[in-house]
Amino acid sequence: MPETTPLGLTGLAFGGDYNPEQWPESVWTEDVRLMREAGVTMVSVGIFSWALLEPSPGVHDFGWLDRVLDLLHENGIRADLGTPTVVPPVWFYRAHPDALPVTAEGVRYEFGSRGAICHSNPHYRAAAADITTTLAERYGSHPALAMWHVHNEYGVPVSACYCDGCAAHFRRWLARTHGTVEAVNEAWGTAFWGQRYTDFEQINPPRVTPTVGNPAQALDYRRFADATVRENFTAERDILHRLSPGVPVTTNFMTALSQCDSMDYWAWGREVDFVTNDHYLITDGRRTHVNLAMSADLTRSVAGGAPWLLLEHSTSGVNWQPRNPAKAPGQMARNSLAHVARGSEGAMFFQWRQSRRGAEKFHSAMLPHGGTDTRVWREVVELGASVDALAPLRGTRTEADVAVLWDWHSWWAQNLDWRPTEDHDARERADAFYEALYDRHLTVDFAHPEADLSRYPLVVVPALYLMTEAAGNNLKEYVERGGTLVVSYFSGIVDEHDAVHEGAHPGTLRDVLGLTVEEFSPLDAGAQVRLTGPDGSELGADVWSEFVVPRGAETVWTYADGLTAGHPAVTRHRLGEGSAWYVSTRLGAEGLDTLIGWAVEDTGITPRADLPRDVEVVRRTGESGTFLFVINHTAGDTKVLLDTPGTELLTGERAAGRLAVPAGAVRVVRLDG
């Protein structure tokens with residue numbers, strides 16, 4: 001069986017994408033010398049090199065890659081070796097133009113970017129298998145090899161193709177998934193608008209139609225596209241397993257909800273030997289460190305709680321957003337170590353040396369255009385020493401307090417056309433609830449709705465429009481056995497085929513929540529409703545309201561105005577040994593904080609009340625001990641009370657009592673005992 005962590009590393013991974021083919025060979029020796037100075041332990045190589053490795057069909061040039069890998073090995077640097085299948089060469093596309101993807105509007109993309117691939121195309125699949133086989137045969141036992149890196153960021157920028165080849169593949173997928181055309185008709189509800197099919201050959205992808213098409217068909221196509229891309233990953237993975245036994249195989253995910261919405265990462269996490277992730281700060285006015293923590297928690301959860309690896313992030317600014325600010329002094333280290341706190345086995349970057357040409361020449365790198373006499377370089381060297389000091393925590397696991405349920409299939413379904421309002425955004429609710437938990441200093445695991453939830457005292461459902469009967473039963477059993485559940489509006493509405501559950505809303509959640517919803521009442525743009533609490537307090541909410549009818553649940557907050565005035569806005573249902581909370585409108589930060597506070601009281605969890613806002617405290621534990629991360633994202637110094645003394649790994653100092661954490665700094669204490 002393959003290993004589940006990079007081979008040959010005794011500490012954490014530190015390094016980045018290395019693209020020596022962009023530079024004269026005379027630069028390579030300097031690169032490796034500087035890598036050693038910075039404490040680099042691993043680099044990713046060859047990801048975009050297909051055109052150089054195979055300059056014409058069947059003709060290979062491996063000399064340069066031989067020399068690069070040998071040079072890395074001689075200097076004690078491990079290689080994350082890529083299969084370059086994200087960038088087929090121009091000669092391939094000229095021979096097989098049908099391998100370029102087609103949009104739903106019927107436009108075929110052209111060569112000249114990256115990831116322009118029809119994943120159903122048999123010529124692409126054959127060529128990808130061939131180059132992967134050739135690489136594995138040549139480098140499968142190379143002493144520098146730490147792991148295999150298949151493709152790059154699947155699903156970005158093209159996740160689905162709508163060509164005739166994909167249409168044929170889609171029909172085969174439907175036959176395997178549903179069995180018969182009649183089953184497809186039933187799943188898709190084709191009796192509506194006379195869309196009934198009598199033969200699989202009549203079915204096409206959901207291309208552009210005069211008005212809204214069939215939502216269940218569109219949902220199935222999202223599933224098909226994801227499964228098709230995953231087929232290509234597993235094909236390459238299986239070749240590498242066969243020809244390079246024992247070496248772990250991965251591909252870099254983009255789990256942040258702000259960065260990729262097309263891959264079902266619950267499914268992908270089961271296929272890789274070792275979960276890796278790319279994360280970039282999104283400049284959209286939000287607290288970027290909260291998005292970072294959320295992405296790290298989601299990645300760890302996709303990995304089943306096991307350690308994972310941050311394979312890409314940036315040393316400073318990126319280049320692909322409308323505005324790309326530099327990171328403040330110390331922010332690179334703080335970002336990196338926040339990922340480590342939440343389970344990463346290191347910190348890797350895109351890229352090692354900043355490019356002079358191409359689309360990403362203004363994307364920051366470990367070695368900037370300005371060279372070693374720069375702030376970024378000095379911070380990279382300092383971070384390398386910090387990562388090295390954290391070697392003892394390798395293999396430990398992050399401890400979580402609560403779970404948030406998330407399902408990519410539900411997200412896809414909710415984002416289809418003709419929903420009650422365009423203002424309800426599943427990602428926004430997930431962000432908002434996560435931020436409320438973060439601000440109460442609770443560490444979050446994400447979980448699939450049908451997963452075992454028994455170890456979590458609190459489970460939060462921010463947005464699960466699509467929920468299976470099994471998921472509904474799972475939540476009911478969870479509450480009956482003593483769990484505390486918090487559910488937000490427009491959850492539990494449809495089944496896996498986007499069909500509304502029989503009976504009153506919210507479908508599979510009626511029993512556990514102890515209520516029914518007679519009607520949705522979305523609000524006009526900018527409109528608000530007032531809620532009154534049990535103590536006479538008031539809160540504002542927006543976007544959504546409902547006509548809620550309690551059927552066992554008690555009313556906690558009530559709508560004070562609007563169409564739903566007098567109806568319950570927030571309820572609590574005691575069921576078995578536990579309780580289930582329901583919020584039928586979009587609460588802002590103040591309301592969410594109050595709601596989460598009440599739910600936390602039900603659980604018996606005792607959050608860290610002594611911590612300032614934007615100071616994280618996260619634990620990793622394992623055979624090597626317990627490690628407490630304190631990350632200060634604020635502009636002021638702080639002190640954090642330690643329950644147990646220990647040794648601070650970044651400074652080597654003893655830590656007891658109140659741990660001083662300067663503004664913008666990170667402290668990692670290995671607790672005694």
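Asn185 is a residue of helix H7, which spans residues 181-188, in what is a predicted model. The relative accessibility of Asn185 is 5%, so the residue counts as buried. Apart from residues up to four places away in sequence, Asn185 touches Thr190, Gln195, Arg196 and Tyr197.

## Two further buried positions

Val43 belongs to strand S2, which covers residues 42-45, and because its relative accessibility is 0%, Val43 is classed as buried. When neighbours within four places in sequence are set aside, the residues in contact with Val43 are Gly16, Tyr18, Met35, Leu72, Ile77, Arg78, Ala79, Asp80 and Met348. The C-alpha atoms of Val43 and Asp17 are 5.6 Å apart in space, while the two residues are separated by 26 residues in sequence.

Thr255 is placed in the loop that runs between strand S6 (252-253) and helix H9 (265-269). With a relative accessibility of 0%, Thr255 too counts as buried.

## Helix H1 against helix H3

Helix H1 (residues 28-38) and helix H3 (residues 63-74) have axes that come within 11 Å and cross at roughly 30°. Because that angle is under 35 degrees, H1 is roughly parallel to H3. The crossing in which H1 passes H3 is right-handed.

On the H1 side the contact is made by Trp28, Thr29, Val32 and Met35, and on the H3 side by Trp64, Arg67, Val68, Leu71 and Leu72. Sorted by class, the residues of this contact of H1 with H3 are seven nonpolar, one polar and one charged. Two of these residues, Met35 of H1 and Leu72 of H3, are also listed among the contacts of Val43.

## Helix H5 against helix H8

The axes of helix H5 (residues 122-139) and helix H8 (residues 215-243) come within 9 Å of each other and cross at roughly 25°, and the two helices are therefore roughly parallel to each other. The crossing of H5 and H8 is right-handed.

From H5, the residues Tyr124, Arg125, Ala128, Ala129, Thr132, Thr133, Ala136 and Glu137 meet Thr228, Glu231, Asn232, Glu236, Ile239, Leu240 and Leu243 from H8. The contact of H5 with H8 comprises seven nonpolar, four polar and four charged residues.

## Helix H10 against helix H11

Helix H10 (residues 288-302) packs with helix H11 (residues 331-341) at an angle of about 30°, their axes lying 9 Å apart; H10 and H11 are therefore roughly parallel to each other. H10 passes H11 in a crossing that is right-handed.

The residues that make this contact are Thr288, Leu292 and Ala296 in H10, and Gln331, Asn335, Ala338 and His339 in H11. By class, the contact of H10 with H11 divides into three nonpolar and four polar residues, with no charged ones.

## Backbone features

Most residues other than glycine have a negative phi, and most peptide bonds are trans. Against that background, the peptide bond joining Val156 and Pro157 is cis, with omega about 5°, and Pro157 lies in the loop between strand S4 (145-150) and helix H6 (164-178). The peptide bond from His505 to Pro506 is likewise cis, with omega near 5°, and Pro506 is located in the loop between strand S14 (484-488) and helix H16 (510-513).

Phe490, which is placed in the loop between S14 and H16, is not a glycine and yet has a positive phi, near 60°. Phe490 is buried, because its relative accessible area is 3%. Asp614 also has a positive phi, of about 70°, without being a glycine, and is found in the loop between helix H17 (589-603) and S23. The relative accessible area of Asp614 is 14%, so Asp614 is buried.

Gly622 lies in strand S23, which covers residues 615-622. With a relative accessible area of 40%, Gly622 is partly exposed. The C-alpha atoms of Gly622 and Cys260 are 32 Å apart in space, and the two residues are 362 residues apart in sequence.

How values were computed
Residues are numbered from 1 along each chain as its sequence is written. This is a predicted model: local features need pLDDT of at least 70, side-chain atom pairs count only at pLDDT 80 or more; totals for chains, interfaces and linings use all residues. Side-chain values use heavy atoms; hydrogens and water are left out. Helices (H or I, at least four residues) and strands (E, at least two) are DSSP runs, numbered from the N terminus. Buried means under 20% relative accessible area, exposed over 50%, partly exposed in between (1.4 Å probe, protein chains only). Axes are lines fitted to C-alpha atoms, for helices over the stretch in contact, and angles run from 0 to 180 degrees between N-to-C directions. Angles under 35 degrees count as roughly parallel, over 145 as roughly antiparallel, 65 to 115 as roughly perpendicular and the rest as oblique. A crossing is left-handed if the near helix is turned anticlockwise from the far one by less than a right angle, and right-handed if clockwise. Contact means heavy atoms within 4.5 Å. Ala, Val, Leu, Ile, Met, Phe, Trp, Tyr, Cys and Pro count as nonpolar, Asp, Glu, Lys and Arg as charged, and the others, Gly among them, as polar.
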